[in-house]
Amino acid sequence: MSPAPQPESGPSAAGVFGLPDPAHRLRRLRRTETLRAFVRETRIHPRQLVAPLFVYPGTGGRQPVGSMPGVERVTPDEALKDARRLADLGVGGLILFGLPAEKDATGTGGWIEDGIVQQTLRLLRDADLDTVLIADTCLCEYTDHGHCGPLLADGRVDNDATIALLGRTAVSQAEAGADIVAPSAMMDGQVAAIREALDDAGHHDTAILAYAAKTASAFYGPFRDAAGSAPSFGDRRGYQMDPANARESMREMDHDLIEGADMLLVKPAMPSLDILAAARARYDVPIGAYQVSGEYAAIEAAARNGWLDRRRALTEATTSILRAGAGFVITYAAADLAAWAREAI
Ligand code: PBG
């Protein structure tokens, strides 16, 4: 076999295009911040941000989350204050997670009428805020074993029993005022079960944001600390996706859309930018990304050590997620990002 031909040193860009002095051409539009702002392709708008809220029973309560500087668990009355502040900043939406007073094997606190998320949703709905109310629809915060649904005798999560309970959860959240329910349990058929339950209860206008491409990520660690939802045994790899798989993400998203999802969510965000870009090219529904607890905590921790510039790092991370194809980003930095975006105008 003859050796592969070696490429000759190629002609310069100037040679190919007949252009003078190529070294200066691209830098011309980077010269001043005014020029850079004029040609910027991606901007963060407050409406593209969704802020997570962790709520627990009681009044007047705020508890910092150790692994997520700046994030607090709050009681419903305090959640209303936070929600007003976020809505005033123009933040597009809020997503609620609940920490119930009691947990049990079937996650009852997730789907009862006066569950902590349902109570908070009623308060927020009655305040008529100009921000979208999203409820995370999962049972892991409410089960005493920390898995996303009731278990079979062998310890695996019971798929079909779980999707029935997720349907109940979604109906109770819709009844309490959720505009959007966001199933995140990664059970097969969960979107269809939720759509059917919502429609049967007359909630035809409640939209479903499917956490479609959600991997079994190491980056959820601080969330489980915030929500007290770490599994007491095993892990979630039997239902969340292997982070090594991109084609499987497309199958998950195909299924969720066929089942009736109105919007798709990719999670975690920065580790999944390829999936986000592929999803944006393939589907015409709104697509969001969840910049998860570990992505936020990593930046915060580095910033606290003086190793990263917090504002620039959060801005760059979020801009990159939007650039890759997200129409909105769920982020723990929503309030700061919204305030910075307003300053930038
Ligand atoms: C519920 C849920 C989780 C997150 C969002 N919804 C935890 C998990 O799957 O273990 C994680 C969000 C974050 O890390 O910020 N299943």
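## Close-up views: a ligand, a cavity and a pocket

View 1. The model is predicted: local features need pLDDT of at least 70, side-chain atom pairs count only at pLDDT 80 or more, and totals for chains, interfaces and linings use all residues. Residues are numbered from 1 along each chain as its sequence is written, and side-chain values use heavy atoms, with hydrogens and water left out. Lys214, Arg224, Lys267, Ser293 and Tyr332 come nearest of the 18 residues around the ligand (near: a heavy atom within 4 Å). E7 and H8 each supply at least two residues of the shell.

View 2. A polar side-chain atom of Arg224 lies 2.7 Å from a ligand oxygen atom. For Arg236, the distance from a polar side-chain atom to an oxygen atom of the ligand is 2.9 Å. In Tyr332, a side-chain N or O atom is 2.5 Å from an oxygen atom of the ligand. The protein covers 100% of the 400 Å² of accessible area that the ligand has on its own (Shrake-Rupley method, 1.4 Å probe).

**View 3. The ligand sits in the largest cavity**. To sit there, more than half of its atoms must lie within 2 Å of the cavity's grid points. A cavity is a set of points, on a 1 Å grid over the protein atoms alone, where a 1.4 Å probe fits but cannot get out; lining residues have an atom within 4 Å of a point. The largest cavity holds about 160 Å³ of space. Of its 19 lining residues, Cys140, Lys214, Tyr220, Phe223 and Lys267 are closest to the centre. Strand E7 (207–214) and helix H8 (221–227) each give two or more residues to this lining.

**View 4. The largest pocket holds about 710 Å³ of space**. A pocket is an open set of points with protein on both sides within 12 Å along at least five of seven lines. Its lining has 20 residues, and Arg40, Ile44, Thr315, Thr319 and Ala344 lie nearest the centre. Helices H2 (33–39), H12 (310–324) and H13 (334–343) each give two or more (helices are DSSP runs, H or I, of at least four residues; strands, E, at least two). H12 gives the most, with seven residues.

Conventions. Points joined across faces, edges and corners; volume = space filled by probe spheres on them. Polar contact = N/O pair within 3.5 Å; in protein donor to acceptor, adjacent residues only side chain to side chain.
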